[in-house]
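Trainee: Could you go through this one with me? I would like to start with charged side chains and then move on to strands and rings.

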Amino acid sequence: MFSDRLNWSQHPNRLSALVSQKRGTGAYVLDLTESNPTRIGLVYPEVEILAALADSRALRYHPTALGLESAREAVAGYYRCRGNEIKTESVMLTASTSEAYAYLFKLLTNPGDEMLAPRPSYPLFEFLAGLESVNVRQYPLRYDGVWHIDFDALGQAITPRTRGIVVVNPNNPTGSFLAREELDRLDSVAAEHGLSILSDEVFRDYAFGEDPGRVSTLVGSRRALTFSMSGLSKIAGLPQMKLGWIVVSEPVAGGPRSEEALAALELIADTYLSVSTPVQMALPRLLEISDGILEQIRGRTAVNLSRLREIMHGSAATLLRAEGGWYAVLQVPRTHTEEEWALKLLDECGVLVQPGFFFDFETEAFLVLSLLPEPATFAEGVGRLRGIL
């Protein structure tokens, strides 16, 4: 009766089943997977946020497929404040980064075509691509003290049906940014094969320190047609506002025409007109007041990462190097599988973490921890984890 695109297993895994059982009995769980910034005790400027949404102009509807000019200019201003000169005309608004992916898959692929995506990474691409009848082929990130793209494997993953390469910068959950030499090589590979680059940059503002050797965004002149995505969910800690965007990068001389891509994206967006007027009207003000929220999240991740290093020092676990983002990765002894470690921690210690295979880690054994929980909760959970190790 229903589309094969929805042929996903709905059976709960062992960890989610145990979480439901624990919470069903009222057991307290130290959740080290929390990724919702509105549930971690931040102080939001409520009056300012609500005032930004109370704009009487939102009572009138003027459908604009790419987004209201004032909102697109606010996005361009966000990049300019970070040293990236872009044109307002190169910005397109979406209801979320997920919708941005869906629009780009519609733009670039036919049913049965392929997109390359990194491994490990957030387990979303297969679902988004599947809904567009697109296949995902993975290319690996390797770790040797730092994370880097395995370009040999990436090259081998390219087929005649490949249409684009997804990068997540910084990656979730590894926290690794693209190095400048990696971007140059990636741009060359994509241009050589006629591929586009889709850069997910939602965590770009959460770097753990400065490093001139890395790339924070792919906006700018590129040989390959390049799309950079971000939104309010991460940079302002406001996932409920449902506003994201795509920036189409300017091509170098003789490169693909970004105007054609924007015209096609406008046609796609005009079919849906999904971004609400109130949040578009509010966007300039929301971006202005987002710095205070962003700094709170930066402070939270810094405190928890420092505490994690301190507690795990000298333990049987290794904290992998991360350059930014909201997550940390621990390599733990292979005396248990990742699933067994996660189940043991939850069952015996009341600590919830995510096993590495949730993020397609190739080998055992890795655990992924969010750096967002309140510090007392985080320290208690990590202490119990250290104890069971």
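Trainee: Is Arg 57 buried, partly exposed or exposed?

Mentor: Keeping in mind that this is a predicted model, Arg 57 has a relative accessible area of 41% and is therefore partly exposed.

Trainee: Which residue does Arg 57 form a salt bridge with?

Mentor: The partner of Arg 57 is Asp 55, and the closest N and O atoms of that salt bridge are 2.7 Å apart.

Trainee: How many salt bridges are there by this rule?

Mentor: The count comes to 22 salt bridges. One of them joins the side chains of Arg 80 and Glu 73, at 2.6 Å from N to O. Arg 80 counts as partly exposed at 29% relative accessibility, and Glu 73 is also partly exposed, with a relative accessible area of 34%.

Trainee: And where do Glu 295 and Arg 298 lie?

Mentor: Both lie in helix H10, which covers residues 277-312, and they are three residues apart, about one turn of the helix.

Trainee: Which residues are linked in a network of salt bridges?

Mentor: Arg 119, Arg 142, Asp 150 and Glu 362 are linked in such a network.

Trainee: OK, strands then. How many residues of strand E3 are buried?

Mentor: Six of the six residues of E3, residues 114-119, are buried, so the strand is mostly covered. Glu 114, Leu 116 and Pro 118 point one way from E3, whereas Met 115, Ala 117 and Arg 119 point the other way.

Trainee: Which strands is E3 joined to?

Mentor: Six bridges join E3 to strand E4, residues 135-143, and the two run parallel. E3 is also joined to E6 by three bridges, again in parallel, and there Leu 116 stands opposite Ile 165.

Trainee: What is Val 168 in contact with, leaving aside its neighbours within four places in sequence?

Mentor: With those neighbours set aside, Val 168 is in contact with Tyr 101, Pro 118, Ser 121, Phe 125, Ser 176 and Asp 200. Val 168 lies in strand E6, residues 162-168, and counts as buried at 10% relative accessibility. The C-alpha atoms of Val 168 and Pro 140 are separated by 13 Å, and these two residues are 28 apart along the chain.

Trainee: Which strand does E2 pair with, and in what sense?

Mentor: E2 pairs with strand E11, residues 244-248, in the antiparallel sense over four bridges, and the bridge partner of Leu 93 in E11 is Trp 245. From E2, Val 91 and Leu 93 point one way and Met 92 and Thr 94 the other way, and all are buried.

Trainee: What about the open sheet of four strands, what order does it have?

Mentor: The order is E12-E13-E16-E15, with antiparallel pairing. Strand E12 (318-319) and strand E15 (354-355) stand at the edges with a single partner strand each, so one side of each has no neighbour in the sheet. E12 is joined to strand E13, residues 327-331, by two bridges, with Leu 330 in E13 as the bridge partner of Leu 319.

Trainee: Switching to rings, how many aromatic pairs does the structure hold?

Mentor: There are 13 aromatic pairs. In one of them, the ring centres of Tyr 101 and Phe 105 are 6.0 Å apart with the planes at 40°, so the pair is tilted. Tyr 101 and Phe 105 lie in helix H4, residues 97-108, four residues apart, and both are buried.

Trainee: And why is the pair of Tyr 143 and Trp 147 tilted?

Mentor: Their planes are at 50° and their ring centres 5.0 Å apart, so the pair is tilted, given that stacked pairs have planes under 30 degrees apart and edge-to-face pairs over 60. Tyr 143 counts as partly exposed at 33% relative accessibility, whereas Trp 147 is buried at 10%. Ring pairs link Tyr 143 and Trp 147 with Phe 361 and Phe 366 into a cluster.

Key
Residues are numbered from 1 along each chain as its sequence is written. This is a predicted model: local features need pLDDT of at least 70, side-chain atom pairs count only at pLDDT 80 or more; totals for chains, interfaces and linings use all residues. Side-chain values use heavy atoms; hydrogens and water are left out. Rings of Phe, Tyr and Trp (its six-membered ring) pair if their centres lie within 6.5 Å; planes under 30 degrees apart count as stacked, over 60 as edge-to-face and the rest as tilted. Buried means under 20% relative accessible area, exposed over 50%, partly exposed in between (1.4 Å probe, protein chains only). Contact means heavy atoms within 4.5 Å. Two strands pair if DSSP finds at least two bridges between them. A salt bridge is a side-chain nitrogen of Lys or Arg within 4 Å of a carboxyl oxygen of Asp or Glu.
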